[in-house]
Amino acid sequence: MDPRFSERLRAGSEPAWSRAVRHRFVQELCSGRIADADMARYLVQDHRFIDAFVTLVGAAVASADSFAARLRLGRFLGMVCSEENDYFLRAFAALGIDEATQAAAPDAAPTAGFKALMREAAATRSYAAVLAVLNVAEGLYLDWAGRAPRPLPDNFVHAEWITLHDNPFFREFVAFLREELDRVGPSEEVLARGFFERAVALELAFFDAVYAEGDS
Ligand SMILES: Cc1ncc(C[n+]2csc(CCO)c2C)c(N)n1
């Protein structure tokens with residue numbers, strides 16, 4: 001039997017998907033051994049990612065083909081704009097990163113690439129294209145967070161970044177995103193596959209950039 005559409009896209013994105021899920025950043029985060037400077041560099045870039053991501057979820061709300069999907073995406077959007085942003089503020093305070101330090105860091109190349117990809121997907125006005133990028137941004141994070149060994153690290157900066165991406169609400173949301181992509185993706189296969197593969201490559205590059213010399 002053919003695997004579901006979302007799984008065919010995921011399998012087609014290998015080996016990049018698995019390299020991202022097993023990345024050094026993920027290993028060091030989940031063991032609590034990541035250097036503060038590396039975690040700080042990641043979070044400053046990721047906070048910029050979330051800004052563009054909110055635009056993308058807004059595009060999903062606008063392009064969804066049912067009221068039920070719009071409600072679900074809208075509830076998720078509320079969570080990202082409240083609890084998740086609150087984590088960043090507490091983590092920045094704990095790591096001693098003030099607003100000036102955040103503002104001084106330029107976008108790393110993968111951050112700029114992601115912003116452009118999310119804007120491009122939103123501009124297609126295609127629910128399938130938006131879902132392809134969302135499935136990567138959410139599904140890949142659930143995949144690594146769901147494998148994190150227990151107990152979680154003591155430091156809340158590490159532990160909460162894992163539980164934000166591995167909790168019942170998030171699992172259900174990722175399952176919903178996959179069902180939606182399975183339903184609307186096949187009729188726009190080339191478009192969906194293109195966005196999916198570019199997003200996986202950027203996730204891997206985003207993790208690599210944490211350790212890139214001379215990059216901020
Ligand atoms: C580069 C990058 N890719 C994906 C995510 C995952 N992510 C972004 S917003 C969001 C919603 C709820 O947590 C999730 C899972 C990330 N943080 N950074």
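Where is the place of Pro151? Pro151 sits in the loop between α8 and α9 (156-163). Helices here are DSSP runs of H or I with at least four residues, strands are E runs of at least two, and both are numbered from the N terminus. The peptide bond from Arg150 to Pro151 is cis, with omega near 0°.

Some ground rules. Residues are numbered from 1 along each chain as its sequence is written. This is a predicted model, where local features need pLDDT of at least 70, side-chain atom pairs count only at pLDDT 80 or more, and totals for chains, interfaces and linings use all residues.

Confidence next. The chain averages a pLDDT of 95, and 98% of the residues score at least 70. That score is the predictor's confidence in each residue, from 0 to 100. The model's ipTM is 0.94 and its pTM is 0.95.

Back to the backbone. Pro15 belongs to the loop between α1 (5-12) and α2 (16-21). Arg125 is not a glycine, yet its phi is positive, about 60°. Arg125 is in the loop between α7 (109-124) and α8. Arg125 counts as exposed because it has 11 C-beta neighbours inside 10 Å. The cut-offs: buried means 20 or more other C-beta atoms within 10 Å of a residue's own, exposed means 12 or fewer, partly exposed is in between, and C-beta atoms are placed from the backbone.

Now the ligand. 13 residues surround the ligand, where near means a C-beta atom, placed from the backbone, within 6 Å. The closest are Phe49, Phe53, Ala137, Tyr141 and Phe206. Four helices each supply at least two shell residues: α4 (36-63), α5 (67-95), α8 (127-146) and α11 (189-210). The largest share, 4 residues, comes from α4.

On to the core. The largest nonpolar core has 60 residues. Such a core is a set of buried Ala, Val, Leu, Ile, Met, Phe, Trp, Tyr and Cys residues joined through C-beta atoms within 7 Å. Helix α8 gives the largest share of this core, 14 residues. Leu56, Ala60, Val130, Leu131 and Val133 have the most contacts inside the core. Setting aside neighbours within four places in sequence, Ala60 is in contact with Leu73, Tyr127, Val130, Leu131 and Leu134. Contact means C-beta atoms, placed from the backbone, within 7 Å.

One last residue. Phe67 lies in helix α5. Phe67 counts as exposed because it has 8 C-beta neighbours inside 10 Å.

Terms used. Two residues are in contact if their C-beta atoms, placed from the backbone, lie within 7 Å.
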